[in-house]
Amino acid sequence: MPYVQINTIKGMLNTDQKQRLLEKIADVLVEIEGGGNPEFKKSVWINIQESEAEGWSMSGLRPSTQQIAQFVAVRDTRSSPQNTEVAP
């Protein structure tokens, strides 16, 4: 029975992103550890643990909640579907 814990900064993932992440990780575990048996998914545990931005550090840099919100806003703007209609 695999147990996967994902640690991330609070606010980085919305509910839909968390759901997609949970599904994809479970699918990979079924494929690799479960040998492709879909019943294996019933034994997969995945936990997303979120911590405040100020509790994180990378190479001495410590993000703030405001910086994370700005990053997410830019990321979500870039990843949202653009208007692809062609003018007549």
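This is a predicted model: local features need pLDDT of at least 70, side-chain atom pairs count only at pLDDT 80 or more; totals for chains, interfaces and linings use all residues.

Modeller: Helix 1 comprises 18 residues and spans 26 Å from its first C-alpha to its last, close to the 26 Å expected at 1.5 Å a residue. At the start of this helix, a side-chain oxygen of N14 comes to within 3.0 Å of the backbone nitrogen of D16.

The buried residues of helix 1 are Q17, A26, L29 and V30. Their packing partners are strand 1, strand 2 (45-51) and helix 2 (65-79). Q17 counts as buried because its relative accessibility is 19%, and the cut-off for burial is under 20%. Leaving aside residues up to four places away in sequence, Q17 touches M12, R75 and D76. Two of these contacts, R75 and D76, are themselves joined by a side-chain salt bridge (3.0 Å, N to O). R75 is partly exposed, with a relative accessible area of 22%, and D76 is likewise partly exposed, at 29%.

K18 is partly exposed at 23% relative accessible area, as is E50 at 27%.

A further salt bridge, between the side chains of K10 and E52 (3.5 Å, N to O), joins the loop between strand 1 and helix 1 to the loop between strand 2 and helix 2, its residues being 42 apart. K10 is partly exposed at 48% relative accessibility, and E52 is partly exposed at 42%.

Key. Residues are numbered from 1 along each chain as its sequence is written. Side-chain values use heavy atoms; hydrogens and water are left out. Buried means under 20% relative accessible area, exposed over 50%, partly exposed in between (1.4 Å probe, protein chains only). Contact means heavy atoms within 4.5 Å. Helices (H or I, at least four residues) and strands (E, at least two) are DSSP runs, numbered from the N terminus. The expected span of a helix is 1.5 Å times one less than its number of residues. A polar contact is a pair of N or O atoms within 3.5 Å; within protein, one must be able to donate a hydrogen and the other to accept it, and residues adjacent in sequence count only if both atoms are side-chain atoms. A salt bridge is a side-chain nitrogen of Lys or Arg within 4 Å of a carboxyl oxygen of Asp or Glu.
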